[in-house]
Amino acid sequence: MAMEAIIQVIIGGLLIGGVYALISLGITLIWGVVGIVNFAHGEFLMLGMYASYWLFHLMGIDPYLSILIVTPLFFLFGVLIQRAIFQPILDAPHLTHVFASFGLAILLQNLALFFWSPDVRSIKTTYSSLSLRAGDFMISFPRLVAFVAAVGIMLGIHYFLKNTYTGRAIRATSQDPSAALLMGINTKRIFLLAFGIASACVGIAGALLIPFYYVFPSVGAYFVLTAFVIVVLGGMGSMTGAFFGGLIIGVIEAMSGYFISIAFKEGIYYIIFWFILIYKPTGLFGRARLS
Amino acid sequence: MSHRFFLRPQGYVPFIALVFFAFSPFLLQNPFYLNIFILTIFYAALGSAWNIIGGYGGQLSIGHAAFFGIGAYTSTLLYVQLGLSPWYGMFLGALLSTGVAAIVGYPSFRLRGPFFALSTIAFGEVLHLVALNWRSLTKGAEGISIQFKPAMSNMLFVNKLSYVYLILGFLFFILGVVLKIERSRFGYYLLALREDEDAARVIGVNTTRVKLLALMISAFFTSLGGTFYAQYYLLIDPYILFSIEFSFQLALVSIIGGVGTALGPIIGSLLLTPLGEFLRATLGGKHQGIHWIIYAAILLLVVRFIPQGIIEGMKKKYQYLLSLLPDFRFEKKDSSPKSDHEK
């Protein structure tokens, strides 16, 4: 077995893993702070991809440039969803949250199907198939950009959470919402903020994916299941977990696709997912907030 | 409860409704309407099966399509490959599903709430992939078709009415089981589990065993429904049988109608299935997904405004209606002044 081929596969896995991590970050943030498992997160990603697609297709805006539009748009979208759908049912049992977020997922997916048809769409930029040569290895340019940007954003959010007042308020709310409320934090606003940030991140992930990935109404379902595997592997509610979980799953996926079969790569990480959920439900970096 | 029960409005109204329900297919000559009737009962029945674990037990499964698929594939493969009658095949499939439910359920039930839901999705997806890729057995995406050789022993009928009564009988049977559970100790354990799992454990309910049993019963009936589907549509493929959408639809009829109530899934299906079918028939080709948009919108509204389901809103009106109807137990009226005097 050629060593180079394996390294090439690992590089590919790490690059896409970075984007997976950015998607998972949103899920873990919403769970950690608001206490909701957002089953509609994949559909947020799908909308992000469509947003960049249409901005490019109709107005000729470069996908990377479209991030400047997508970010505030998706922040607002997230805030709106939290305000209109989840805020009113926060005190209801978990079952209700799952119904609501699953219903939202189905709604968004089918709205996309209704308006944009099931066609698989992709865009052709000048750099879509550009590859960089590093020694013996080829690195796809858009994937590299996606990886670098995703890691950069995650570091930025990490800094924000650790070092700013609002960031600390978010972490305090995540640790204990009632205590945070007693300390004078407007937890409702923190929930809105967390949802907004999560939504903006996944919107950006969509813009980063569109130069080298195609979009269709149910594309989110594929990514969200991967993201859930990552979140569970890393530990629900853990940022660090989402980051390393993303890279690990990216590499595992690439390796199993290379060595076993593309068809079974999903099967492999569902099995990983299942075993972690059952035997180590707190994941690699998780706190136990699993009731 | 004696024969006198049927003299009270509480007794005869459901009885008349039931009789009307059972004979209404005769009034529906049109195959399009008959098909909708069959599907309505079909989703009501499978929703009821889902409701045992999902509604009464409060363990949200979005992987029930797996049991459905196991049932459909088992009976169909046995019939197509070995010529075994689906009447036997459906029970073998159901037993297989029950076994799978036990094996998969035992570890999964260590998880709670949304995490359990996630694990059921993963389970459903794994089976979906297996059905898709184990081509030598399942023919993969192409699916397996059943040759239409109508005969009682093949569970294949020329007359659609036979399917109507088959599925109607199935619904009544599940309903009977659900009502039996509702009134049993096991049913109370399930409710306790749903309301507060820790409290239920503390008072001595073996919650794992209760959940497992509920899942196994639920899987058994879901699997039987899979065989019915195969015999009715004559074609099974992994995209429909193991789809998340299908699992979700089973949960949906219960949630809309009222989770953890015997009639909830029936009301949910009566409302949603005909609506969905009409939308599909009238707008289907041009606007895909329209019925899902409406389903999801209804779900979001129900979750927000009547989380107990539609049945909760109907209860009072139904009681009011009953109070208007005459009571035929003339000799023993509670409200008569005589009995007041006797007190």
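User: Across the interface of chain A and chain B, how many salt bridges does the rule find?
Analyst: This is a predicted model, in which local features need pLDDT of at least 70, side-chain atom pairs count only at pLDDT 80 or more, and totals for chains, interfaces and linings use all residues. Side-chain values use heavy atoms, without hydrogens and water. A salt bridge is a side-chain nitrogen of Lys or Arg within 4 Å of a carboxyl oxygen of Asp or Glu. Across the interface of chain A and chain B, the number found by that rule is zero.

User: Which element gives the largest share of the side of chain A that touches chain B?
Analyst: Elements here are DSSP runs, with helices (H or I) of at least four residues and strands (E) of at least two, numbered from the N terminus. Those giving two or more residues to this side are α3, α4 (94–116), α9 (219–234) and α11 (262–279) of chain A. The largest share, 16 residues, comes from α4(A).

User: How much area is buried between chain A and chain B?
Analyst: Buried area is the accessible area (1.4 Å probe) that two parts lose on being put together, summed over both. Carbon and sulfur atoms give 84% of it here. The total between chain A and chain B is about 3,600 Å².

User: How far does helix α5 of chain A reach from its first C-alpha to its last?
Analyst: The expected span is 1.5 Å times one less than the number of residues. Helix α5 (residues 141–163) of chain A has 23 residues, for which 33 Å is expected. Its reach is close to that, at 33 Å.

Terms used. Residues are numbered from 1 along each chain as its sequence is written. Chains are lettered from A and ligands numbered from 1 in the order in which they are written.
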